[in-house]
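Please look over the sequence and the model below before reading on.

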Amino acid sequence: MSTAPAPSAGVPVLEMRGVTKRFGGLTAVEGFEARLGEHEVVGLIGPNGAGKTTVFNLITGVYELTAGAIAVRGRDTKGLRPDQITSLGVARTFQNIRLFRRMSVLENVQTAMDLRLGYGILASVLRTRRFREREREITEKSRALLDLVGLADDADERAGALAYGEQRRLEIARALATDPRLLILDEPAAGMNPQETDELGEMLHVIRKRHDLTLLLIEHDMKFVMRMCERIIVLDYGRIIATGTPAEVRANPAVIAAYLGDEE
């Protein structure tokens with residue numbers, strides 16, 4: 001369960017108002033609006049180059065806004081560094097897996113807890129009682145997260161030696177180690193076979209309930225999106241062209257023309 005303070009009643013986990021990002025003369029995202037409540041599962045879909053990952057990078061502080069505003073649990077994130085936004089309860093995974101490949105599976109999860117160590121450099125050097133207790137807590141929590149994603153037996157293996165689907169699950173465990181309230185997933189099912197995708201969906205449902213999470217995901221596997229998400233936002237050329245339930249989005253003519261295609 002997250003240790004980040006809970007937002008006040010009625011305050012969205014994430015709110016984006018008029019969000020715009022320009023790179024020189026190129027507008028990657030324009031006038032993006034979104035409001036995510038507690039425990040929602042929301043999908044962000046669209047053709048390649050539609051601006052989806054740019055939206056994620058704006059939320060997490062990788063990019064600075066050109067215009068608009070983003071609030072995480074009622075806190076304006078303008079000017080905050082990525083680590084400061086993480087401390088508000090935001091975690092993400094990446095389209096291209098980013099693990100410490102030479103470190104063990106367990107160590108990959110442990111490193112994500114540096115944000116909330118609870119002791120300073122002196123305590124680490126002197127190996128104080130507080131240091132030893134906190135290190136034990138971190139190890140226990142890391143092993144519990146590995147168990148949650150089905151990697152408990154691989155804790156001492158090198159992360160780079162894991163199969164592709166296992167690396168995806170390890171990245172999710174590492175994100176959970178930061179105690180998020182909002183978990184942002186960038187193509188979590190990419191490269192997975194149908195069985196792995198089904199198992200991922202089941203795991204994410206368990207994680208959401210157990211860790212009291214709101215999920216926002218980019219995914220090109222439409223079956224996975226339609227099954228997982230309660231609401232879907234569709235981007236095309238940086239603009240929202242539709243938003244609604246999976247059934248509403250599936251039947252939207254603009255979405256069919258821009259992205260899903262004519263089934264016939």
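The notes that follow cover pockets, a cavity and a helix pair.

This is a predicted model, in which local features need pLDDT of at least 70 and side-chain atom pairs count only at pLDDT 80 or more, while totals for chains, interfaces and linings use all residues. Residues are numbered from 1 along each chain as its sequence is written, and side-chain values use heavy atoms, with hydrogens and water left out.

**Pockets**

- A pocket here is an open set of points on a 1 Å grid over the protein atoms alone, with protein on both sides within 12 Å along at least five of seven lines, and lining residues have an atom within 4 Å of a point.
- The largest pocket holds about 560 Å³ of space, a volume being the space filled by probe spheres set on the points, which are joined across faces, edges and corners.
- Its lining comprises 21 residues, of which Thr86, Arg92, Phe94, Arg174 and Thr178 are the closest to the centre.
- Helix 2 (82–87), strand 6 (90–92) and helix 6 (164–176) each supply at least two residues of that lining, and helix 2 gives the most, with four; helices (H or I, at least four residues) and strands (E, at least two) are DSSP runs, numbered from the N terminus.
- The second largest pocket, with about 260 Å³ of space, is lined by 17 residues, and Glu64, Leu65, Thr77, Lys78 and Gly79 lie nearest its centre.
- Strand 4 (67–72) and helix 2 each supply at least two residues of the lining of the second largest pocket, the largest share, three residues, coming from strand 4.

**Cavity**

- The structure holds one cavity of 30 Å³ or more, a cavity being a set of points where a 1.4 Å probe fits but cannot get out.
- Leu14, Met16, Phe32, Ala34, Leu36, Leu44, Val55, Ile59, Leu216 and Ile233 line the largest cavity, and strand 2 provides the largest share of this lining, three residues.

**Helix pair**

- Helix 6 and helix 7 (residues 194–211) pack at an angle of about 10° with their axes 12 Å apart, where axes are lines fitted to C-alpha atoms over the stretch in contact and angles run from 0 to 180 degrees between N-to-C directions.
- That angle makes helix 6 roughly parallel to helix 7, a term that applies to angles under 35 degrees.
- In this contact (heavy atoms within 4.5 Å), Gly165, Arg169, Ile172 and Leu176 of helix 6 meet Glu196, Leu200, Met203, Leu204, Ile207 and His211 of helix 7.

Methods. Angles under 35 degrees count as roughly parallel, over 145 as roughly antiparallel, 65 to 115 as roughly perpendicular and the rest as oblique.
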